[in-house]
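Here's a quick briefing to read alongside the structure. Keep the picture open and look up each residue as it comes up.

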Amino acid sequence: MKIILNIEYGMLQGAYWMLYSLIGSFVSVFLLGRGYSNSDIGVIMAAASVAAIICQPLLADASDKIRKITLARIIQLQVFVMLILSICLIILKSKSVWLTLAFIALYSWHTIVQPLVNSLCYYLQRTGYHINFGICRSAGSLLYAAITAVMGIAVEKHGVDTIPETAAVICLLIAVILEFTERSYKTSFKGKEGSERKIIKDKDVAIISMKEFLKRNRMYFIFSTGVIGIFFGNSGINTFMIQITQAAGGSESDMGMLLGYMAALEIPGLILYDWLRRKFSVRLLLGVSCGGFLVKIFIMYISESVAMLYFAMTWQLIAFGLYLAAMVDFINTVMSRGEAVRGQAVYTIMVTVGTVLSSIIGGWILDNYNVKMFLGIATLLTAAGMAVIMLFSGRLEKKTGW
């Protein structure tokens, strides 16, 4: 049963990130095809990110209060909402207020479901079986890479309608996976539902308020602002990859292959992190990953061909996957358990701020200047973000004495 639960959870992660490929990575391709400008796309992505920030805690609170429905069922309900919104994108063929609202809702809904998908890992472990999050999450990167490469070719041959159509199919696939996961959970859970609720209460953690957290962790707050610089470029690449690819002489097919190649290179960092952590400090691994982001975006800045873009993407091998694991590890290491909850929340907010800024500013730059200008600014901000993270991670290291 342990193997079955891990396979099902890995399939869920894979399908979830396949859906992100369509909603997030092909956003420019889809919206440009529906008549939107680069500036429009930037504003839409920014609005979607802000909406996700507002709605995420509301959904989390609502999910926590629901007692009669399991977490798998709650996620399943959210997926059916995304299915309806995907169908709306199929029906709405041109730029309109309704299409704009439907896309903002779909992107936001996908984002706010992510914590629930991640939490399902620990929920399933109530059965007594270990779920390997790193391995299962790497399935997300693998299938993201596969579908991104395939969709680039499909869109080039059949048009942008294939994007929401495929999204609807994947929503149905996720619902089916969750159905099997729910059945496996009920079959393998050792104990009664009442004892399960008691386990939750017995593990209560004293979580401080955000105001108190910021007062006690000013240095960490400054450290986390470096994330804005890192994600200005990282999010901008995902949102405006078609513009970057076309500027280097490529097409939608090239864009799909590039993003797929980049995602595949995230997997080693996720899988090997525990082994690397035993040999190197978390601060060193964090610095190496930030360096990977910087080299990648600088090479993109000087790229004049699709081949150069591939070389740039190769640096993803030491960038995102390693960074994701190292950042979570770093936050959990320098903070108490209660503080770590708020620390992760602040980190998530900074990621979203970087995404919002890259969406609005990037769209405006692309409409009024060019791709080179956007990538040049993104390179400078990535360097600044890396400098802040490395400087203040050192200070936090000394402060906590680890």
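**Charges over rings**

Lysine 372 sits over the face of tyrosine 301, 5.3 Å from the ring centre. For a charge to be over a ring, NZ of Lys or CZ of Arg has to be within 6 Å of the ring centre and within 35 degrees of the ring normal. Arginine 395 also lies over a ring face, that of phenylalanine 392, at 5.0 Å from the ring centre.

Before going on, note that this is a predicted model: local features need pLDDT of at least 70, side-chain atom pairs count only at pLDDT 80 or more, and totals for chains, interfaces and linings use all residues. Residues are numbered from 1 along each chain as its sequence is written, and side-chain values use heavy atoms, with hydrogens and water left out.

**The chain as a whole**

- The chain has 18 helices and zero strands; these are DSSP runs numbered from the N terminus, with helices (H or I) of at least four residues and strands (E) of at least two.
- Of the 402 residues in the chain, 52% are buried, where buried means under 20% relative accessible area, exposed means over 50%, and partly exposed is in between (1.4 Å probe, protein chains only).
- Take the contacts between residues at least 6 apart in sequence: 85% of them join residues at least 24 apart. Contact here means heavy atoms within 4.5 Å.

**Aromatic pairs**

- The structure holds 14 aromatic pairs. Rings of Phe, Tyr and Trp (its six-membered ring) pair if their centres lie within 6.5 Å, and planes under 30 degrees apart count as stacked, over 60 as edge-to-face and the rest as tilted.
- Phenylalanine 240 and phenylalanine 374 make an edge-to-face pair, with 5.8 Å centre to centre and 75° between the planes.
- That pair links distant parts of the chain, 134 residues apart: phenylalanine 240 is in the loop between helix 10 and helix 11 (241–247), while phenylalanine 374 is in helix 18 (residues 371–400).
- Phenylalanine 240 counts as buried because its relative accessible area is 0%, and phenylalanine 374 is buried too, with 1%.
- Elsewhere, Tyr16, Trp17, Tyr20 and Tyr144 form one aromatic cluster.

**A glycine touching that pair**

- Glycine 362 is in helix 17 (residues 337–368), and its relative accessibility of 0% makes it buried.
- Setting aside residues up to four places away in sequence, glycine 362 touches Phe240, Leu357 and Phe374.
- Glycine 362 and isoleucine 377 are 15 residues apart in sequence, and their C-alpha atoms are 9.3 Å apart in space.

**Helix 10 against helix 14**

- Two packed helices are described by the angle between their axes and the distance between the axes.
- The axes of helix 10 (residues 218–239) and helix 14 (residues 282–302) come within 11 Å and cross at roughly 40°. Axes are lines fitted to C-alpha atoms, for helices over the stretch in contact, and angles run from 0 to 180 degrees between N-to-C directions.
- The crossing of helix 10 and helix 14 is left-handed, which is the name used if the near helix is turned anticlockwise from the far one by less than a right angle (right-handed if clockwise).
- On the helix 10 side, the meeting residues are Phe223, Ile230, Gly233, Asn234 and Ile237; on the helix 14 side, they are Leu286, Cys290, Phe293, Lys296, Ile297 and Met300.
- By class, this contact of helix 10 with helix 14 has eight nonpolar, two polar and one charged residues. Ala, Val, Leu, Ile, Met, Phe, Trp, Tyr, Cys and Pro count as nonpolar, Asp, Glu, Lys and Arg as charged, and the others, Gly among them, as polar.
- Serine 224 is also in helix 10; its 1% relative accessibility makes it buried.

**Helix 14 against helix 16**

- Helix 14 and helix 16 pack at about 145°, with their axes 8 Å apart, and this crossing is left-handed.
- The contact of helix 14 with helix 16 has 12 nonpolar, one polar and one charged residues.
- Phenylalanine 320 lies in helix 16 (residues 320–334) and counts as buried at 15% relative accessibility.
- Beyond its neighbours within four places in sequence, phenylalanine 320 contacts Arg137, Phe231, Asn234, Glu266 and Phe293.
- Glycine 292 is in helix 14, and it is buried at 0% relative accessibility.
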